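Morning, everyone. Let's get the model on the screen and walk through it.

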2 protein chains.
Amino acid sequence: MDIDFKQQSAVTLAEVAEAAGVGESTVSRVLRNEGSFSHKARERVMEAVERLGYVPNRIAGTLASAGSRLVAFVIPSLSNIVFPDVLRGASGVLEKNKHQAVFSVTDYDPEREEALVAAMLAWRPTAVMLAGFEHTEGTLKMLRASGCRVVEVLDVDGTALDLAVGFSNRAAGRESAEFLLKRGYRRIGYVGHDLDRDTRAGKRFAGFCETLASAGFPLLDREICSGASSVESGRLGLERLLARRANLDAVYFSNDDMALGGYFHCLARGISVPSQLAIFGYNGLDIGRVTPQPLSTIRTPRVETGQLAAELVVTNAPPQVVDLGFELVEGATA
Amino acid sequence: MDIDFKQQSAVTLAEVAEAAGVGESTVSRVLRNEGSFSHKARERVMEAVERLGYVPNRIAGTLASAGSRLVAFVIPSLSNIVFPDVLRGASGVLEKNKHQAVFSVTDYDPEREEALVAAMLAWRPTAVMLAGFEHTEGTLKMLRASGCRVVEVLDVDGTALDLAVGFSNRAAGRESAEFLLKRGYRRIGYVGHDLDRDTRAGKRFAGFCETLASAGFPLLDREICSGASSVESGRLGLERLLARRANLDAVYFSNDDMALGGYFHCLARGISVPSQLAIFGYNGLDIGRVTPQPLSTIRTPRVETGQLAAELVVTNAPPQVVDLGFELVEGATA
DNA sequence: ATTTTTTTTGGCAGCGCTACCAATTTTGGC
DNA sequence: GCCAAAATTGGTAGCGCTGCCAAAAAAAAT
């Protein structure tokens, strides 16, 4: 016997109107609390809604009016906490403003991003939120043509399409280098993940190297781990780097996940931090504040980025780039 | 080059049909690659689509046909990696099957869950995905009436509404206790976060206590931290617990975040793990495998849960409860 | 009581698309 | 070459809702 799992014929506004003995427009007005209607009409409508278990159909509503109140997030990854943090910040604001979040994950692939943006635009979202400024020509063209708001987050080094909320990755890289230099480290290495795909990590790295070089202490070596960043690859990366270059006195990591891996490697191998080897990360993850020695890092306002991005969208703010800055956390590992 | 006039993407299927010199139905058929059409028709349509930069309107498409191909996730939190992991697993499968994910965050509040489920149902999703089995009467009623598929994830201890994918939290709690007992620990404590809100953590705790009690070594003390679980609250929680009970030989944490905090506390205070104090967590986070001593914990298949949940939905599988099990990771902290 | 103003109400035309069906063209068999 | 079968095509009626407008009812003013 086969059972039908298809959607039950849902209650429609027309049925509510019928049941309440009023016109469709009245039901619509009451439910949206817009226009005018009598107290009595309201009561009858609400009673019918309750009784029939009516749930408005926003698909139809959106088609008839304008504005889906949908915000599309096209994010590179859900594997570390960075993008969930942005989503979390945005989600709260959107909910308060009766918007809904749709998302998909590009896995740091620009072609995939293009396809996903196209799929998202099909829902006629109020806004599309993307990571950074590096997109394919096709993506840019579609977004420009779409007429919907675009927010590029987590970067400010580049040309924004419309709105942008974030901080300077290049400056973060430079400040990290300055900090290490100021502390007297001179033999500096780098452990990171795929820099071509994660262009923001690439910008940090570039800023970091630039500052080191102009101070006369260029980066001595680097170890790039393929694949996504992770605590484990940070640990392995540091191990490999040290195998080649035992005499480094500081290592800069592409982010806190990697840096924690490096830190754990030192703890496990009895390499004393920071006297034998300094460790510096990026992101300011909570966990880095609670390790036996707090991680030296740059704390980024990820949740705030999501919040502000969402606020700019729901208030339909004019195009602008907002630099939320970052905070260098001295910690105790460098 | 394209000339951009107004920002509004007002290109409709009718305009494409006009431009291609074919009927609307033909355009629709070509774009959905359904029904029959000539090669020539296809070429003319595609050319027009390309030239006009047409993006189909799924709002209209959904209203006209059936099934939004939208899957709604109503999740408790985005603060730790658990739910992002589930989303990640689901997201990949959904994308392959041309579905889209919508989400909102309840913050472990059942009333909020109810409101958000209502908001989600307004989009007539193919399925709604929720955490666990504990929902308000209102939520259950709406979901039952909606006719859309429901997947309850990350738990199997309870009565499923339709589909469920997860593992037994109670059994996880029991196995954790058995493991500690087998290792000879007898003076056992607990550090956790809000158990009323996170009912799955509550079930683990119940299973844990039950096993301890029936072995004759009941839980000696517990420390409950208010608010969300975090590494920091784990550290503080353990500190407070040990201040009251210095003689514990093992502590069970509500999850790995908390457990890592506890572990770091021990590292910082020179409490040797596990000889002086054993630490046991839950979730099997990646980071726990890379700490100087790998964390003893229970690894849960979160990504797989998301994947399977999504697969069951897109294949319209019959109602069922799938127990994906979990794996006890001995680690080196207990 | 009558007119004017204000409030409340319902009808109906779309929104952009797909499903259905009938009309048309193409193909194939003999 | 002729007719039946198959492939292709376009017209049009909704999908469920909102926006607009005019009609009706109620309230206020005369």
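This is a predicted model: local features need pLDDT of at least 70, side-chain atom pairs count only at pLDDT 80 or more; totals for chains, interfaces and linings use all residues.

Residues are numbered from 1 along each chain as its sequence is written, while chains are lettered from A and ligands numbered from 1 in the order in which they are written.

Domains. Chain A has domain 1 (13-56), domain 2 (70-167 + 302-325) and domain 3 (169-299). Those bounds come from an automatic or database domain assignment. The C-alpha centres of domains 1 and 2 of chain A lie 36 Å apart.

Now DNA strand D. It has 27 residues around it, and Leu13(A), Ser28(A), Ala60(A), Ala64(A) and Gly23(B) come nearest. Near means a C-beta atom, placed from the backbone, within 6 Å. Among the elements giving two or more residues are H1 (13-20) of chain A and H3 (39-52) of chain B. Helices are DSSP runs of H or I, at least four residues, numbered from the N terminus.

Last, the helix pair. What describes two packed helices? The angle between their axes and the distance between the axes. In chain B, the axes of H8 (residues 169-182) and H9 (residues 199-214) come within 7 Å and cross at roughly 40 degrees. Axes are lines fitted to C-alpha atoms over the stretch in contact, with angles from 0 to 180 degrees between N-to-C directions. H8(B) and H9(B) are therefore oblique to each other. Oblique is what remains after under 35 degrees (roughly parallel), over 145 (roughly antiparallel) and 65 to 115 (roughly perpendicular).
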